[in-house]
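User: Please take a close look at the sheet in this model. I would like one connected account.

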Amino acid sequence: MLYYKKASMTEAFGARPLDWHETTCPAVWKLGEETKHFDWTEPCGILTGSI
């Protein structure tokens with residue numbers, strides 16, 4: 001199965017944001033059986049591409 005096809009199926013891939021109740025930019029995700037943290041901000045504290 002192609003990766004993009006698998007990634008588009010939430011049940012198969014299991015990607016879920018865990019901190020979406022606390023922020024508009026979830027950083028803690030459950031990916032399958034693993035919990036991962038992603039830092040979406042630049043060192044200055046803003047999102048890349050923000051206006």
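In what order do the elements of the protein chain run from the N terminus on?

Analyst: This is a predicted model, where local features need pLDDT of at least 70, side-chain atom pairs count only at pLDDT 80 or more, and totals for chains, interfaces and linings use all residues. Residues are numbered from 1 along each chain as its sequence is written, and side-chain values use heavy atoms, with hydrogens and water left out.

From the N terminus on, the elements run α-α-β-β-β. That gives 2 helices and 3 strands in the protein chain. Both kinds are DSSP runs, numbered from the N terminus: helices are H or I with at least four residues, strands are E with at least two.

Now the sheet. The 3 strands form an open sheet, ordered β1-β2-β3, with antiparallel pairing. Two strands pair if DSSP finds at least two bridges between them. The edges are β1 (15-17) and β3 (34-37), and each pairs on one side only. From one strand to the next, the twist averages 25°. Axes here are lines fitted to C-alpha atoms, for helices over the stretch in contact, and angles run from 0 to 180 degrees between N-to-C directions.

K30 has T35 of β3 as its bridge partner.

Now the chain around the sheet. Of its 51 residues, 8% are buried, meaning under 20% relative accessible area (1.4 Å probe, protein chains only). Among contacts (heavy atoms within 4.5 Å) with a separation of 6 or more, 0% come from residues 24 or more positions apart.

How values were computed: Buried means under 20% relative accessible area, exposed over 50%, partly exposed in between (1.4 Å probe, protein chains only).
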